[in-house]
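Hi,

Here is the structure I said I would pass on. Have a look at it first, and then read my notes below.

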Amino acid sequence: MSKTVLLAGGAGYIGSHTAIELLNKDFDVVIADCHYNSSPIVYERLEEITGQKIKHYDIDVADMQAMRQVFEENKIEAVIDFAGYKAVGESVQKPLMYYENNLNTTFSLLHLMKEYNVANIIFSSSATVYGMENQSPLVESMRLGPCTNPYGWTKLMNEQILMDEAKSNTNLSVVLLRYFNPIGAHASGRIGEDPKGIPNNLMPYIAQVASGKLQQLSVFGDDYDTHDGTGVRDYIHVVDLAKAHVLAVDYAAGRKGSDVFNIGTGVGYSVLDMVKAFEKVNSLTIPYKIAPRRAGDIATCYADSTKAKELLGWEAEKNLEDMCRDTWNWQKGNPEGYR
Ligand code: UFG
């Protein structure tokens, strides 16, 4: 019998791509999502891509009473916790909202997992937990924090909560995945990243400049200590990232305690590298101007992903060309996202 994985916050960008990869590997999938930052149209698209019915509950993961129904009605083997607010700037404006939601979703899941004897949880963490002081390549064993914003702190706090819980509850198996910069979209062009309002992140911003929705890109700083002065990041194709979750579910099963993995390619590209690659791959021009640095940004951030390779058997398979092509394919076909 297939194992059932609960994707908490699974209708979002990373959750929806993970749902496909799990279904490809014969897992059953149940999604719980209140659509604060996702669209229910995702389910139709997932059904179109996979040919399977997507079981979903349109409820808030932080609402433990409502979530009880999900655990009652499904025999869940593993939970993947994608449920959380993720806008760095907004978290500075509304810290209480971020701490409350991003911690309560985890509390709700951990309580219900204990009640229903669910042993395995995979958590969406972020490279942001490394703070500003570590030098790349970032290694899992490095000292963490301090974070530069409440969003980052919620990731670090959730990591700590999950690790502590795994120490005390000896049935629990926790896998923390520290994502670097996910971009790209499913090759079908039917699901992808659908930011609310003006995008905060580089790739969706470039895509909207390409489509004419936005006039020009502002490159935040060209005086960093990098090969061309612009910020360097480890961009990872969302489908590669999704596959890491499938491997993490397998890894968590049959283990106890907690473990943590960087999920990045190990290669850093600058903002201008990304602009040039996007232009070349898609044969178009991205107008840009150099703007001041953005508060809280660091010069360089990329992963050492050796541990994921050795223990999860995971490695990024897609390259920069795939990332640029698939981003544009999604943007072109869905200029208003899921609307
Ligand atoms: N950038 C621009 N112009 C833009 C947007 C971004 O020049 O309009 C630059 C940034 O300054 C940075 C790079 O592009 O150098 C990447 O910026 P993103 O906003 O796309 O990504 P960040 O690396 O800042 O943040 C991402 C995630 C966070 C996560 C962090 C962890 O969005 O959730 O990685 O490292 F916390």
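**Two helix pairs**

Let's start with helix 1 (residues 13-24) and helix 2 (residues 41-50), which pack at an angle of about 30° with their axes 11 Å apart. Bear in mind as you read that this is a predicted model. Angles under 35 degrees count as roughly parallel, so helix 1 and helix 2 are roughly parallel to each other. Their crossing is right-handed. On the helix 1 side the contact is made by S16, A19, I20 and L23, and these meet V42, L46, I49 and T50 of helix 2. Sorted by class, the residues of this contact are 6 nonpolar and 2 polar, with no charged ones.

Now go to helix 7 (residues 202-210) and helix 9 (residues 271-282). Their axes are also 11 Å apart, and the packing angle is about 40°. That makes helix 7 oblique to helix 9. The crossing of helix 7 with helix 9 is right-handed. Helix 7 brings L202, M203, I206, A207 and A210 to the contact, while helix 9 brings V271, M274, V275 and F278. What classes of residue make up the contact of helix 7 with helix 9? There are 9 nonpolar residues in it, and no polar or charged ones.

Is strand 11 largely enclosed or largely open? Of the 7 residues in strand 11 (residues 257-263), 5 are buried, so the strand is largely enclosed by the rest of the structure.

**A few single residues**

V92 is part of helix 4 (residues 88-93). With a relative accessible area of 48%, V92 is partly exposed. Leaving aside residues up to four places away in sequence, V92 touches N149 and P150. The C-alpha atoms of V92 and T148 are 9.2 Å apart, although 56 residues separate the two along the chain.

The peptide bond from S136 to P137 is cis, with omega near 5°. The bond from G145 to P146 is cis too, with omega near -10°.

D26, with phi of about 70°, sits in the loop between helix 1 and strand 2 (28-32). D26 is exposed, and its relative accessible area is 58%. N117 has phi near 55° and belongs to the loop between helix 5 (95-115) and strand 5. N117 counts as exposed as well, at 64% relative accessibility.

Cheers

Methods
Residues numbered from 1 in each chain as written. Predicted model: local features only at pLDDT ≥ 70, side-chain atom pairs only at ≥ 80, totals over all residues. Heavy atoms only, no water. Axes fitted to C-alpha atoms, helices over the stretch in contact; angles between N-to-C directions. Helix = DSSP H or I, 4+ residues; strand = E, 2+ residues; numbered from the N terminus. Parallel < 35°, antiparallel > 145°, perpendicular 65-115°, else oblique. Left-handed = near helix turned anticlockwise from the far one by under 90°. Contact = heavy atoms within 4.5 Å. Nonpolar A, V, L, I, M, F, W, Y, C, P; charged D, E, K, R; others polar. Buried < 20%, exposed > 50% of the residue type's maximum accessible area, 1.4 Å probe, protein only.
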